[in-house]
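Have a look at the chain first, and then we'll take the calls one by one.

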Amino acid sequence: MLKSESGASAVEFALVSPLLFVLTFGIIEFGLLLYDYAVITNASREGARAAVVYREPIVSTKDITDIVIAYANEHGRLINLGVAGPSSLTEEDVDVIPLEEDRQAARDAGGNTSVDVEVQVNYTYNFLVLPDLTKLIGGNFETASIPLKAYTKMRME
């Protein structure tokens, strides 16, 4: 048996380090993904809350969309570290149902009817560190992205 074991720890580290790095960067990547999901979820809640709070005149669909975008882009700050394209929401990413005419009609009915206001936010998360991990969770490998959707429904009475 050989008496010299010099270099054995370097070989062991070489064998274990890829797994260690994948695990570490995977945790970071999914932490960023969950953070962005929390931001768009809170943004949809802010928009729905603005829609159901009593105001005269009633809040327009454009105003609700602006509230959602402002929250996500200014307060929540979606994260992409400037690497994978824009990290902001646009008007096309926000859906508000029903429109202000339907909400105004429900309010004019004298409180006998209620309307459910639905706000949906769509956001595409672009993987930063480990795009190959998208294969494991069903994302699109060519673009290294995964669609996120946040949905909030509140009753306007």
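Q: What makes K62 and D66 a salt bridge?
A: Keep in mind that this is a predicted model. The closest N and O atoms of K62 and D66 are 3.1 Å apart. The cut-off is a Lys or Arg side-chain nitrogen within 4 Å of an Asp or Glu carboxyl oxygen, so the pair K62 and D66 at 3.1 Å qualifies.

Q: Why are K62 and D66 separated by about one helical turn?
A: Because both sit in helix 2 (residues 61-76), 4 residues apart.

Q: Are K62 and D66 buried, exposed or partly exposed?
A: Buried means under 20% relative accessible area and exposed means over 50%, with partly exposed in between. K62 has 45% relative accessibility, so K62 counts as partly exposed. D66 comes in at 32%, so D66 is partly exposed too.

Q: How many salt bridges does the structure hold?
A: It holds 3. Apart from the one in helix 2, there's a bridge between D116 and K153, and another between R155 and D116.

Q: How do you know that D116 and K153 form a salt bridge?
A: Their N to O distance is 3.7 Å, and the limit is 4 Å, so the pair passes. The bridge links distant parts of the chain: D116 is in strand 2 (residues 115-126) and K153 is in strand 3 (residues 145-156), 37 residues apart.

Q: What about R155 and D116?
A: That pair sits at 3.6 Å, N to O, so it meets the 4 Å limit as well. R155 in strand 3 and D116 in strand 2 are 39 residues apart, and this pair also links distant parts of the chain.

Q: What makes D116, K153 and R155 one network?
A: Salt bridges that share partners join them. D116 bridges to K153, and D116 also bridges to R155.

Q: What does D116 touch beyond its sequence neighbours?
A: Not counting residues up to four places away in sequence, D116 touches I97, P98, K153, M154 and R155. As for M154, its C-alpha atom is 5.6 Å from that of D116, although the two are 38 residues apart along the chain.

Q: Why is T41 called buried?
A: T41 has a relative accessible area of 14%. The threshold is under 20%, so T41 is buried. T41 is found in helix 1, and its contacts, leaving aside neighbours within four places in sequence, are with A150 and T152.

Q: Which residues touch the most other members of the largest nonpolar core?
A: L89, V119 and Y125 do, out of 30 residues in that core. The elements giving two or more residues to it are helix 1, helix 2, strand 1 (94-97), strand 2 and strand 3. Helix 1 supplies the largest share of this core, with 8 residues.

Q: Which residues make the nonpolar surface patch of about 790 Å²?
A: V11, F13, L15, V16, L20, F21, F25 and I28 make it. V11, one of the patch residues, is found in helix 1 (residues 8-52).

Q: What does the chain look like overall?
A: The secondary structure comes to 4 helices and 3 strands, following the pattern α-α-β-α-β-α-β along the sequence. Of the 157 residues, 37% are buried. The chain exposes about 9,700 Å², with carbon and sulfur atoms supplying 59% of it. Among contacts with a separation of 6 or more, 70% are between residues 24 or more positions apart.

Q: Which elements have the highest and lowest mean pLDDT?
A: Helix 1 has the highest at 88, and helix 4 (residues 134-137) the lowest at 58. The chain averages 78, and 78% of the residues score at least 70. Where pLDDT is low, the predicted coordinates should not be read in detail.

Definitions and conventions:
Residues numbered from 1 in each chain as written. Predicted model: local features only at pLDDT ≥ 70, side-chain atom pairs only at ≥ 80, totals over all residues. Heavy atoms only, no water. Patch = residues over 30% accessible without salt bridge, like charges linked within 9 Å, V, L, I, M, F, W, Y side chains within 5 Å. Areas by Shrake-Rupley, 256 points an atom, 1.4 Å probe, with all protein chains shown as cover. Buried < 20%, exposed > 50% of the residue type's maximum accessible area, 1.4 Å probe, protein only. Contact = heavy atoms within 4.5 Å. pLDDT = per-residue confidence, 0-100. Core = buried A, V, L, I, M, F, W, Y, C linked by side-chain atoms within 4.5 Å.
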